[in-house]
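Have the sequence and the 3D view open side by side.

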Amino acid sequence: MSLIDYIEDDQTYQFTQYMNLIKTEEDKNLFERFAYGVCDPQIKYKNEKQQKKMIILTIIQLCQRNKSVTFDKIQQACYINSRIEIEQLLIDLIQRELIIGSIDDQKGCLNIQRCISRDVRKSDIPEMKNQIEIMYQRVKHLKEQLKKQ
């Protein structure tokens, strides 16, 4: 399979393992866009599959960084005008277990428990380690507080 085949495959959402398929500058740009990028109205996708994949990747990135994401935020990030289209897309992502969470129609948001991960740049790893250390310190502090009770 080619890099484009993996990008357009509806079961593939992480691309680092396919770096060896990069043969041209165009491949490199495509890889960078789908491995690390988000929706951008300036980019013209080659087809509907690529555009939908980028919308899904953008939603996944929002879910990785938030416990709750409003439909308005998704609409702005993905450049989708229809709330119905957003809800249908979220239902599909939940059914496919790309996102574990629930839709709150009253508040107009998606509540996230967890989701699949996206590719990580090596330059992002120090910040990730820092965030894990912060979480560890919080849990350690909470454990000490519970011992006192």
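Which residue forms a salt bridge with Glu26? It's Lys46, and the closest N and O atoms of the two are 2.6 Å apart. A salt bridge here is a side-chain nitrogen of Lys or Arg within 4 Å of a carboxyl oxygen of Asp or Glu. This pair links distant parts of the chain: Lys46 sits in the loop between helix H2 (25-36) and helix H3 (48-65), while Glu26 belongs to helix H2, 20 residues apart. Lys46 counts as exposed, at 53% relative accessibility, whereas Glu26 is partly exposed at 48%. The cut-offs are under 20% relative accessible area for buried, over 50% for exposed, and partly exposed in between, using a 1.4 Å probe and protein chains only.

Before going further, a word on what you're looking at: this is a predicted model, where local features need pLDDT of at least 70 and side-chain atom pairs count only at pLDDT 80 or more, while totals for chains, interfaces and linings use all residues. Residues are numbered from 1 along each chain as its sequence is written, and side-chain values use heavy atoms, with hydrogens and water left out.

The structure holds four salt bridges. Another of them joins Arg83 and Glu87, at 2.9 Å from N to O. Both residues lie in helix H5 (residues 83-95), four residues apart, or about one turn of the helix. Arg83 is partly exposed at 38%, and so is Glu87 at 21%. Then there's Asp92 with Arg96, whose closest N and O atoms are 3.1 Å apart. Asp92 is partly exposed at 23%, and Arg96 is partly exposed at 27%.

Now zoom out. The chain has six helices and three strands, taken as DSSP runs (H or I, at least four residues, for helices; E, at least two, for strands) and numbered from the N terminus. The C-alpha trace spans about 60 × 40 × 25 Å along its principal axes.

How much of the chain is buried? Of its 149 residues, 31% count as such. As for contacts (heavy atoms within 4.5 Å), residues 24 or more positions apart account for 50% of those with a separation of 6 or more.
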